[in-house]
Amino acid sequence: MNQPFATQDAQLRARAGRVIPGGLWGHQNAARLPAGYPQYFSHGQGCRIWDVDGREYIDFMGGWGPVVLGWHDPEVDAAAAKQAALGDCLNGPSERLVELAELVVDTIPHADWAMFSKNGTDASTQCVMIARSGTGRRKILVGTGAYHGAAPWCTPWPGGTTAEDRAHQIFFEWNNIESLERAVTEAGDDLAAILLSAFKYDLGKDHVMPTVEFARACRAAADRTGAALIVDDVRAGFRIDIGGTWEAVGVQPDLSAWSKAIANGHALGAVTGNDRFREGATKVFTTGSFWTAGVAMAAAIATIGKLKRDDGVGHMKAMGERFRAGLDAQAKAHGLPIRQSGPAQMPVVLFDDDADRRIGNAFCLEALQRGVYLHPTHTMFLSVAHTPADIDAALDRTDAAMAAVKKAVA
Ligand SMILES: *Cc1c(COP(=O)(O)O)cnc(C)c1O
């Protein structure tokens, strides 16, 4: 048979190009992937993934966030299979809904209640609606450059949206109290919510945690004005602190959005809130065909339970610190200065003097070719499945990758 394409990946891209607009939507579109990266994968196990051409990688992206315990965690797989055998989409929720809501309320200090959906965008959108419903006001303060999902009100690319979709949004700068207060003043008596990402993780930029002073200023501004403080914990939730990322700065939100890691790869979004916004939440009509499906909820119960029982957060932090220390030593040894920012379990690695990303892209591609899947600009994700031996094996390969980059740069 005629075989025009060298790889399975290229074949799938060519077929997709005929039947899927642009080959793929969103952030995994080939044009948005780092050059030379595979687009299609066949399977995952623990902290390893295999692309469709059979190449194996030690992974540091976790499916872009959802995979927190590793692929095919036996406890999550068993819980999901058990619920699947009973039924997933029934005519109403299963018992898992109430069990999960109880577990979430018990786990997350600010939460008096929980609601579930399918995606982070569902959850962040619901938070905004509940804040408006609960306050009867319109203005939402949003951090510049923050990602809250891909609905018309928040997608970072304006195609297909109108300016009106973003009406009533006022922007402020991260960790800048003056900028926040200016936005609060501009909103006047129409302020419904201050919406923050758990920490600042803009693509291609150093990641920055909130300062205690800034987090407290956000809380104080919300209290003073009667607005909701919303923390979008979709990306960082269940990785930094089991009770929510802002536990680290001692500030509790009124509403929080969750998704990615909540069910170890099963589709689930969640909103948690306190009693001040309980009535506002009851007044928002929000639903979806799959929002009460039981399998993802069973998976979430198993995922959160295991993270709590085994101190998954502590393990990911230790593995992230081991990886970070190794990369730092290699960068020094090879004379390629890097900046590592973000919490160790959600790192981003950027090279100095690399505005065009030539060095960062080359390093990640060299690592990829040696079987380590990194990302040059996006938040990466450690998982509970990483062992010290996995980290050390990855570091052996990144050392060789740095040597190759150093040679190419010289
Ligand atoms: C991924 C993400 C979202 C959107 O979640 P989806 O599940 O992709 O809809 C929202 N906020 C943050 C901070 C995210 O990282």
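**Helix packing, then the sheet**

Mentor: The axes of helix α3 (residues 95-107) and helix α8 (residues 294-309) come within 9 Å and cross at roughly 30 degrees. Helices are DSSP runs of H or I, at least four residues, and strands are runs of E, at least two, numbered from the N terminus. Axes are lines fitted to C-alpha atoms, for helices over the stretch in contact; angles run from 0 to 180 degrees between N-to-C directions.

Trainee: Is this model predicted or what?
Mentor: Predicted: local features need pLDDT of at least 70, side-chain atom pairs count only at pLDDT 80 or more, and totals for chains, interfaces and linings use all residues. Residues are numbered from 1 along each chain as its sequence is written, and side-chain values use heavy atoms, with hydrogens and water left out.

Trainee: Which residues of α3 meet α8?
Mentor: Among them are Arg96, Leu97, Glu99 and Leu100 in α3. On the α8 side, the list includes Met297, Ile301 and Lys308. Contact means heavy atoms within 4.5 Å.

Trainee: New topic. What order do the strands of the sheet take?
Mentor: β4-β10-β9-β8-β7-β5-β6, seven strands in an open sheet with mixed pairing. Two strands pair if DSSP finds at least two bridges between them.

Trainee: Which strands stand at the edges?
Mentor: β4 (113-117) and β6 (169-172). Each has a single partner strand, so one side of each lacks a neighbour in the sheet.

Trainee: And how many bridges join β5 to β6?
Mentor: Four, and the two strands run parallel. Gly143 has Phe172 in β6 as its bridge partner.

Trainee: Which helix packs on the sheet?
Mentor: α4 (residues 120-135), touching strands including β4, β5 and β9 (255-258). The direction of α4 makes about 165 degrees with that of β9.
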